[in-house]
Amino acid sequence: MNGLLELLPLLVLFALVGLWMKLTRARELAVAEARRQCERHGLQLLDETVGLAGVHLRRVRGSYRIERSYAFEVSINGNDRESGRLWMIGEGFSGFRLPTIDHRTASHDGRALPDIAPPSSNVIQLHPRSGNPPDRH
């Protein structure tokens, strides 16, 4: 029993390192997706980074999954700073919000968005989000 108690702090440390590595990978995927969406819509991703803004449960096909929300900042014309947000479930992208653009997938199953040509204005067709909307501040 004494040997197990000595291993407990080491096991906790390994669990924390594993969690940190998983969250770092998820953040890298979120940065890549934010960059891709900004390029697609003619925006500049400022600071080349995203920050975890929230975590909540989302019902997907009858089961609950953890959905992470990341906040980031973009520039429309190089002289401004606007807020953007994207949502991910697991390693899948589930939606985003950019200044004057709000587009989210309906399924929340991690599938990619349909290919949308960059609009000539800042208006694109919106698709409803399934389920209850998360609490956004």
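Before I start, the ground rules: residues are numbered from 1 along each chain as its sequence is written, and side-chain values use heavy atoms, with hydrogens and water left out. In this predicted model, local features need a pLDDT of at least 70 and side-chain atom pairs count only at pLDDT 80 or more, while totals for chains, interfaces and linings use all residues.

Let me begin with the helix. Helices and strands here are DSSP runs numbered from the N terminus, where a helix is H or I with at least four residues and a strand is E with at least two. Helix H1 covers residues 2–40, which makes 39 residues, and from its first C-alpha to its last it reaches 58 Å, close to the expected 57 Å; that expected span is 1.5 Å times one less than the number of residues. At Leu 8 the helix H1 bends by about 30 degrees, and Pro 9 follows within four residues; the bend is the angle between axes fitted to the seven residues ending at a residue and the seven starting there. Just after H1 comes Gly 42, with a positive phi of about 70 degrees.

Which residues of H1 are buried? Among them are Ala 26, Leu 29, Val 31, Glu 33 and Arg 40, where buried means under 20% relative accessible area, exposed means over 50% and partly exposed lies in between, for a 1.4 Å probe and protein chains only. The buried residues of H1 pack against strands E1 (44–45), E3 (63–75), E4 (82–89) and E5 (92–98), contact being heavy atoms within 4.5 Å.

That brings me to the strands, which pair if DSSP finds at least two bridges between them. E1 and E3 run antiparallel and are joined by two bridges, with Gln 44 partnered by Ser 75 in E3. E2 and E3 are also antiparallel, with nine bridges, and they form a hairpin with two residues between them, where Arg 61 in the turn has a positive phi of about 50 degrees. Eight bridges join E3 to E4, again antiparallel, and in their hairpin, with six residues between the strands, Gly 78 takes a positive phi near 90 degrees.

Finally, how many salt bridges does a search of the whole structure find? The search finds five, a salt bridge being a side-chain nitrogen of Lys or Arg within 4 Å of a carboxyl oxygen of Asp or Glu. In one of them, the side chains of Arg 35 and Glu 48 meet at 2.7 Å, N to O. Arg 35 lies in helix H1 and Glu 48 in the loop between E1 and strand E2 (51–60), so this pair ties together parts that are 13 residues apart in sequence. Asp 47 forms a salt bridge with Arg 81, with the closest N and O atoms 3.2 Å apart, and this pair links the loop between E1 and E2 to the loop between E3 and E4, 34 residues apart. Asp 47 is exposed at 53% relative accessibility, whereas Arg 81 is partly exposed at 46%. Glu 67 and Arg 58 also meet in a salt bridge, at 3.2 Å, and here Glu 67 is buried at 0% and Arg 58 is buried at 4%.
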